[in-house]
Amino acid sequence: MTVLPWEISARRAGQLAPAGPSGTRASLRGVVASLRRAAASAPELVAGITGLHHAARIAASYPVYVVDRARWSEANAELFATIAQPALALENRLQARLAAEETGALLSVLSTRVLGQFDPYMSDGRLLLVAPNVVQIERQLDLDVMDFRLWVCLHEQTHAVQFAAAPWLSEHLLGRIQAVTSSIGNVDSGPSRVKSAVGAITDLVRGKDGAGSLLDALLTEEEREEMDALVAIMSLLEGHADVVMDEVGPARIPSVRRIRAAFERRRDGVGLLDTVVRRVTGMSEKLNQYRDGAAFVRGVVGQVGHEGLNAVWAAPENLPQPDEIHQPGRWVTRVHG
């Protein structure tokens, strides 16, 4: 068997990723400096809302990289190599090369959509902020740039605080991911899964009702159960970050309500191509995670406050189960009695 040559994915993604909005050298330096300032101030604001002060001090020590789309793509090819390399192997070098090229092309598409990302698996934790995408959204939605940059950093630094509060979380999450990807990468089941994937893409392009994401088409029933558990965790992480970034409020981010309203409209998509890309890559499911997870977090906070919610960071068994995401009272009863 041959493992994927991730360096090819990184190179292809870097070549295909568009540069993004242009600007003078001085203006670009200003964007970088303001993003770094926002990232530096965000952990303390997160702590003020969540009460996770020690974790916020740890999060503030993680390195921050303000990158372009090509560098984000390359960083995520490196991340994929760390997460998926043990699971994904193909029958020969040609298959591996083609898969690496396709992964690079997919990363180049995603690189135009991601604003920021906390990566707990490289350099003991690092924050990536994709400057061209931040600037593009600011211009498209006519947002206050300083407010928006802090708002974005609040979301990503909340993730940094989460992983700092739960040192076991990165390995636990990695285990869940590899449990799903290990059998997908099994060469014995490859042809049938490829056929399923092709059928899923065809249904998506035709707009067939009930067509799921590409990933869903690759999973067995047992793997879907594992995926449900993984989605519950991701819903918590994303929803928690969404709630925190909004709870900072107008006193610190005067235009926060306008940003949220504009951003929700953007999340709903802008056309057929956007919708197809989101569903093929699974991004539609990710958007649902923000909303479902935020509803869970608000439901728990409404009953036991942020202090009670913080029990989720104590141990893996305190993470919400799939059925609890939509019924936060069940989680409160199970964890707090």
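**Figure 1. Where helix α2 touches helix α7.** On the α2 side of this predicted model, the residues that meet α7 are Gly30, Val31, Ser34, Leu35, Arg37, Ala38, Ala39, Ser41, Ala42, Pro43, Leu45 and Val46. Their partners in α7 are Met146, Arg149, Leu150, Cys153, Leu154, Gln157, Thr158 and Val161. Sorted by class, the residues of this α2 and α7 contact come out as 13 nonpolar, five polar and two charged.

**Figure 2. How α2 and α7 are set against each other.** Two packed helices are described by the angle between their axes and the distance between the axes. Here α2 spans residues 25–50 and α7 spans residues 145–165. The two pack at an angle of about 50°, and their axes are 7 Å apart. With that angle, α2 counts as oblique to α7. As for handedness, α2 passes α7 in a right-handed crossing.

**Figure 3. The meeting of α2 and α11.** For this pair, the axes come within 10 Å and cross at roughly 100°. That angle makes α2 roughly perpendicular to α11. From α2, the contact takes in Val46, Ile49 and Thr50; from α11, it takes in His240, Val244 and Glu247. The class count for this contact is three nonpolar, two polar and one charged. Val46 turns up here and is also among the α2 residues that meet α7.

Figure 4. Is histidine 240 buried or exposed? Its relative accessibility is 1%, so it counts as buried, the cut-off being under 20%. Which side chain does histidine 240 join through a polar contact? The partner is glutamine 162, at 2.9 Å. Setting aside neighbours within four places in sequence, histidine 240 is in contact with Thr50, Thr158, Gln162, Ser235, Val297, Leu309 and Trp313.

**Figure 5. Stepping back to the whole protein.** How much of the protein is buried? Buried residues account for 50% of its 337 residues, and histidine 240 counts as buried. Taking contacts between residues at least 6 apart in sequence, 79% join residues at least 24 apart.

Note on methods. Residues numbered from 1 in each chain as written. Predicted model: local features only at pLDDT ≥ 70, side-chain atom pairs only at ≥ 80, totals over all residues. Heavy atoms only, no water. Axes fitted to C-alpha atoms, helices over the stretch in contact; angles between N-to-C directions. Helix = DSSP H or I, 4+ residues; strand = E, 2+ residues; numbered from the N terminus. Parallel < 35°, antiparallel > 145°, perpendicular 65-115°, else oblique. Left-handed = near helix turned anticlockwise from the far one by under 90°. Contact = heavy atoms within 4.5 Å. Nonpolar A, V, L, I, M, F, W, Y, C, P; charged D, E, K, R; others polar. Buried < 20%, exposed > 50% of the residue type's maximum accessible area, 1.4 Å probe, protein only. Polar contact = N/O pair within 3.5 Å; in protein donor to acceptor, adjacent residues only side chain to side chain.
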